[in-house]
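Dear colleague,

Please find below the structure that I am handing over to you.

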Amino acid sequence: MSDDARFDPTERSEYELTRSANIIVPMPPLRKARICGALALLGSLAAPLVATLPAAVREANFAGPPAATPLGVAAVALAGTVAAGLAGLGLVALHWRLVRGPEPTDDAVWSFLAVEDALTGIGFITGGLGVGVGLALLASGHWGVEALAGLRRNGVEPYLSVSTVPVTPRLTSAVGLVVGLAVLAATVVAVDSE
């Protein structure tokens, strides 16, 4: 038996006991929100990654400044950034409701758990994959023109300009910075208001 009082089942609410036995990712909602905020903040690396591409890659793939060129991969990174940010804010709101509101009833417990799991999946899976894949493909030019040729042989075009979706790496970076900092600030405010 642990000497740590925070694991004493007699001091835990019915909701906390049900949550600990049934939640998919066993972390508090605020910790999950911080991870989502960090994922969103990683989206701010999109513009620096393409702005620092080697000259040979820039000349071969871009007509103008790389950070201002609408790219399909930037849209993928932006979608992941937004998903992580919204999930993080949702997790903060869930935490806020659980701390401020009355304890959920037996019927509502499962709804809260489902919302938490859904937000966790959106933030970690959709957000993490979107940001990770998007940034990896944006950075692929740093491995040289030969690496890009290898990607193209396999059907991957990391610097495909898409004018119908005007998402630039600069926009992705701006959104990532704002959303990531907003989520992290919300977690600090949530802790301070307890």
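From the N terminus on, the elements of the chain run α-α-α-α-α-α-α-α. The chain has eight helices and zero strands; helices (H or I, at least four residues) and strands (E, at least two) are DSSP runs, numbered from the N terminus.

Please note that this is a predicted model, in which local features need pLDDT of at least 70 and side-chain atom pairs count only at pLDDT 80 or more, while totals for chains, interfaces and linings use all residues. Residues are numbered from 1 along each chain as its sequence is written, and side-chain values use heavy atoms, with hydrogens and water left out.

Overall dimensions come next. The radius of gyration of the chain is 21 Å, whereas a compact globule of 194 residues would have one near 16 Å; the radius is taken over C-alpha atoms, and the globule rule is 2.2 Å times the number of residues to the power 0.38. Along the principal axes, the C-alpha atoms fill a box of roughly 65 × 30 × 30 Å.

Of the 194 residues in the chain, 40% are buried (buried means under 20% relative accessible area, exposed over 50%, and partly exposed in between, with a 1.4 Å probe and protein chains only). Among contacts with a separation of 6 or more, 84% join residues 24 or more positions apart, where contact means heavy atoms within 4.5 Å.

Which aromatic rings pair in this structure? A search of the whole structure finds one aromatic pair. Phe62 and Tyr159 form this pair, which is tilted, with 5.2 Å from centre to centre and 55 degrees between the planes. Rings of Phe, Tyr and Trp (its six-membered ring) pair if their centres lie within 6.5 Å; planes under 30 degrees apart count as stacked, over 60 as edge-to-face and the rest as tilted. Phe62 lies in the loop between α4 (55-61) and α5 (72-100), and Tyr159 in the loop between α7 (145-153) and α8 (169-192), so the pair ties together parts that are 97 residues apart in sequence. Phe62 is buried, at 9% relative accessible area, and Tyr159 is buried at 4%.

Finally, Arg34 belongs to helix α2 (residues 29-42). Arg34 is partly exposed, with a relative accessible area of 36%. Apart from neighbours within four places in sequence, Arg34 is in contact with Leu184, Thr187 and Val191. The C-alpha atoms of Arg34 and Ala139 are separated by 25 Å, and these residues are 105 apart along the chain.

Yours sincerely
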